[in-house]
Amino acid sequence: MTQKDPLADLAWPGATVAPSETCTQAIKGVCTKGLCKERGVSAIGRALLTMGLSVVLLATYTWYAVTDHRPSAWVGTALFGAMGWLGAQALLIFVALARPPGKRGSRALRLGLLVGVPLVFMTYLALISTEHFAFAKFTQGHSGAHAIGCGLVALFFGSLVAGGAMVAWRKTDPYNPGISGAMIGMVGGLTSGVGMSVACPSHEIFHACFAHGMIVFALAVAGFGFGRRLLAP
Amino acid sequence: MERYVDGNADAFEGLYRKLSPTLMGYLLRLTRNRARAEDLLQITFTKVHRARSSYLKGAPVLPWAVAIARRSFLDERRAAAVRNEDLSADGTMPEPRPEAPALPTEMSDALEIALQRLPESYREAIELTKITGLSIQEAASVLGTTETAVKLRVHRGYNQLRKELETFQRSA
């Protein structure tokens, strides 16, 4: 004779427990005192704000490239690529942040994007580079110092965009604030990296990948840490 | 929720009536202490109140509130882990946590003990789906993981529960 499954017809513990009257009164006092309409910025509004910051930064880099007399053919080509990346960023923000939970990209998709997009971006930077030094030459002398300078500038401006976007999206994600923060950091890094490829005179492959590309990873990691603090309600 | 965001106090009454028993039950299961659960319920509703403008229109409210409650619990537990416990005014040590009954006499007691013995990830998945009543997708959102992982945790948790309860049935 088979034994009856103990989980069949099991009376699970009750899901609901009434809070005490004191607790209820305290909560109602806090939550209804001076209650007024508080419609914040919509998700689409936040997405547009984030994209606006990206466009402003790209315009700043372009203005610098033009006033610093970069060859117009090079600036034009780099801007053409930058427009494509802006479109990709808009898509990323819409899929990973702006849609409500359950409709936005799953956690697995967002993690995949966090790894895949920076790799694709690095590949793009490598492909558009026209100069190829040996790595040993890159690490010595002027090239290395220039790369560090470029990297710090890109990191600074990328942080401004990511920080602004983080403020726009604050307290919006109780589910996965770390991943949302990393997505925002990645968008800031992409904006700054692609902008640097417009403004920077170096067309060298290691310079592009390390100074312009690596900030995407750096800001995604920083965004993960800050997102857990800022994006959770 | 949307009428509450628009500043309707009566809507908050309705929202509170609907959410608070479920959230209180969930927090009580997490903390196993009524006073702590009520503190966390107040913190959760304060956070819901402050973050109401960022509520995404059309998103389900219960998983959103449960996710905020869970994060409040985790924050409080992390803070408690690094906080030094002070002696109370009369110089006594803080009260120890009440322990679960050692020998279950009823199936419900046996289930409670078996649930407590489960690894935290399995217990959370089972409690959210079976007791709190969230769907697999909603539980995955709250736990910050995939639906497949939740199904796997529930399945493994069930297997462990089954073994524990079979032992109890044989001994009873």
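From the N terminus onward, the elements of chain A follow the order α-α-α-α-α-α-α-α, and the secondary structure of this chain amounts to 8 helices and 0 strands, where helices (H or I, at least four residues) and strands (E, at least two) are DSSP runs numbered from the N terminus. The model is a predicted one, in which local features need pLDDT of at least 70 and side-chain atom pairs count only at pLDDT 80 or more, whereas totals for chains, interfaces and linings use all residues. Residues are numbered from 1 along each chain as its sequence is written, and chains are lettered from A and ligands numbered from 1 in the order in which they are written.

Of the 233 residues in chain A, 41% are buried, a residue being buried if 20 or more other C-beta atoms, placed from the backbone, lie within 10 Å of its own, exposed if 12 or fewer do, and partly exposed in between. Among the contacts in chain A with a separation of 6 or more, 85% are accounted for by residues 24 or more positions apart, with contact taken to mean that the C-beta atoms, placed from the backbone, lie within 7 Å.

Within chain A, the axes of helix α2 (residues 43–67) and helix α7 (residues 177–199) come within 8 Å and cross at roughly 20°; axes here are lines fitted to C-alpha atoms, for helices over the stretch in contact, and angles run from 0 to 180 degrees between N-to-C directions. α2(A) is therefore roughly parallel to α7(A), a description applied to angles under 35 degrees. The contact is formed by A:T50, A:S54, A:L57, A:L58, A:Y61, A:T62, A:Y64 and A:A65 of α2(A), together with A:V187, A:T191, A:S192, A:G195, A:M196, A:V198 and A:A199 of α7(A). These residues comprise 9 nonpolar, 6 polar and no charged, with Ala, Val, Leu, Ile, Met, Phe, Trp, Tyr, Cys and Pro counted as nonpolar, Asp, Glu, Lys and Arg as charged, and the others, Gly among them, as polar.

A:A88 is placed in helix α3 (residues 72–98) of chain A and counts as partly exposed because it has 16 C-beta neighbours inside 10 Å. A:A88 and A:V117, although 29 residues apart in sequence, are separated by 9.4 Å in space, C-alpha to C-alpha.

Between the chains, 50 residues of chain B are in contact with 41 residues of chain A. On the side of chain B that touches chain A, the largest share, 9 residues, comes from α2(B), and the residues of that side divide into 21 nonpolar, 19 polar and 10 charged.

Conventions:
Contact = placed C-beta atoms within 7 Å. Parallel < 35°, antiparallel > 145°, perpendicular 65-115°, else oblique.
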